[in-house]
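Hello,

Here is the structure for you to look through. My notes on its core and its helix packing follow.

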Amino acid sequence: MAREDEAPEVAFDRRWAQTVFQRAQERLALELAAQAKAEYLQELSRRVFHPGPAGPQWGELARRYGLSEGAVRKAALDLRGRFAGLLRAEVLEVVSDPTEVDAELRYLFELLASG
């Protein structure tokens, strides 16, 4: 959502940043759904990307799926890494030079953080 005092170019970029993140999340959700432990990975994804008291806690996930808390935290780290890779892939599709990906990602994060 654009702010009243925001230039149209910045509002456009902010919407684009939201779209990039949403597309990466959708790609991750499709990947998770296709895996053998889809339910566990979906719950883990909710914990990673929507932390807070409403989501399952690390220990609860570990008990529910018969894993150690360390294994659950490692899976969460791997999930974050996969999401980062998907974000990079989304940005790589639109930049003219692959060396611009990191700068573009920083810009997207700034846009989202300031919105």
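A nonpolar core is a set of buried Ala, Val, Leu, Ile, Met, Phe, Trp, Tyr and Cys residues joined through side-chain atoms within 4.5 Å, where buried means under 20% relative accessible area with a 1.4 Å probe, protein chains only. The model is predicted: local features need pLDDT of at least 70 and side-chain atom pairs pLDDT 80 or more, while totals for chains, interfaces and linings use all residues. Residues are numbered from 1 along each chain, and side-chain values use heavy atoms, without hydrogens and water.

The largest nonpolar core has 26 residues, and Leu44, Val72, Leu87, Val91 and Leu108 have the most contacts inside it. Two or more residues come from each of H1, H2 (38–49), H3 (58–65), H4 and H5 (101–114); helices here are DSSP runs (H or I, at least four residues), numbered from the N terminus. H4 gives the largest share, 8 residues.

Leu44 touches Trp58, Leu61, Val72, Ala75, Ala76 and Leu79, leaving aside residues up to four places away in sequence. Contact means heavy atoms within 4.5 Å.

Now the packing. The axes (lines fitted to C-alpha atoms over the stretch in contact, with angles from 0 to 180 degrees between N-to-C directions) of H3 and H4 come within 8 Å and cross at roughly 110 degrees. H3 is therefore roughly perpendicular to H4 (65 to 115 degrees). Trp58, Gly59, Leu61 and Ala62 of H3 meet Glu69, Val72, Arg73, Ala76 and Arg80 of H4.

H1 (residues 8–33) and H4 (residues 69–92) have axes that come within 9 Å and cross at roughly 130 degrees.

Regards

Terms used
Buried means under 20% relative accessible area, exposed over 50%, partly exposed in between (1.4 Å probe, protein chains only). Angles under 35 degrees count as roughly parallel, over 145 as roughly antiparallel, 65 to 115 as roughly perpendicular and the rest as oblique.
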